[in-house]
Amino acid sequence: LSPVCLGSLRRAASINAEYMGILILYSFYKNVALSLCQIWFGFYNGWSGQVYYDPWTQSAYNFLFTGFPVIAVSVLNRDYSYKMALKYPELYRAGQENQTFNVPYFVDFFTEGFVHSLVLFFISIYMMPDFSSGDGKVVDLWMVSTTTYTACVYVVTFKLCLLTTTWNYFTYGLVIFSIFAWYFYLWFYTSFFFTLSAEMYGLSARLLSNKSHWLVVYIICCITMLPDLAFEYIKKKFWPSLVEQVHEKERRRQKHKGE
């Protein structure tokens, strides 16, 4: 192979290793965050087999609401340009030494999914009221579980935003689309598909007009995401990665050149 071909293969291997790691670890994280809530619910239903989420809604989670954005991020994310990769060959170490996909990273994503599932479930269970203040009707299981589901869609989407380094119209559009797709699905499914799930019929109007629902979703997002933001800031400030060190070096070089 020619040196040009070898260089291209090295670039592709290094970048693909990093973003395949994000795809796998994030996909695992978002399913842990959603699915473990069913286990926590088992402690309340006496392990009767009663599902926590509506089955049709749960099956749409990976395909409609959280699948496309992570694929786009995995394909389009670039921490550094090809020119920078050639200029700083030490950047290849991340892929060669499995720095972006290893057991500590796996444990980190699993633990975060585990903790987020606890926050999602227990805050929804204990902060949703027993009765709706608007119409006085009982806040049933499906209103609580759909609140958990809504918060989960927000949380995992925000988590993906923290993992995204390359923003363009396509990634912005998919992130926004995933949120709007959930609300459109909720309205459409609970308004026109009585035969599929009678328990969910008419739920969107009741849920979205309930102030407690929005407050619970907001609180969950704050509790889960603020520690992530703080950790990312501290890590970049005091323990920057090799890529971040190279970016800082380039910024300083450009600054000196401008002066």
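Start by selecting two helices, α7 and α8: Phe-109, Glu-112, His-116, Leu-120, Phe-121, Ser-124 and Ile-125 of α7 meet Val-144, Thr-147, Thr-148, Ala-151, Cys-152, Val-155, Lys-159 and Leu-163 of α8. Meeting here is contact, heavy atoms within 4.5 Å, and helices are DSSP runs (H or I, at least four residues) numbered from the N terminus. Those contact residues split into nine nonpolar, four polar and two charged.

A word on what you're looking at: this is a predicted model, where local features need pLDDT of at least 70 and side-chain atom pairs count only at pLDDT 80 or more, while totals for chains, interfaces and linings use all residues. Residues are numbered from 1 along each chain as its sequence is written, and side-chain values use heavy atoms, leaving out hydrogens and water.

Now show all of α7 (residues 103–127) and α8 (residues 141–163): they pack at about 145 degrees, axes 9 Å apart. The axes are lines fitted to C-alpha atoms over the stretch in contact, with angles from 0 to 180 degrees between N-to-C directions.

Next, pick Phe-65, Leu-120, Tyr-149, Trp-182 and Ile-220, which touch the most other members of the 52-residue largest nonpolar core. Such a core is a set of buried Ala, Val, Leu, Ile, Met, Phe, Trp, Tyr and Cys residues joined through side-chain atoms within 4.5 Å; buried means under 20% relative accessible area with a 1.4 Å probe, protein chains only. Helix α8 gives the largest share, 12 residues.

Finally, zoom in on Trp-182. Beyond neighbours within four places in sequence, Trp-182 contacts Thr-57, Phe-65, Thr-146, Tyr-149, Thr-150 and Val-153.

Zoom out, and the protein chain has 12 helices and zero strands, with 42% of its 259 residues buried.

Key. Buried means under 20% relative accessible area, exposed over 50%, partly exposed in between (1.4 Å probe, protein chains only). Ala, Val, Leu, Ile, Met, Phe, Trp, Tyr, Cys and Pro count as nonpolar, Asp, Glu, Lys and Arg as charged, and the others, Gly among them, as polar.
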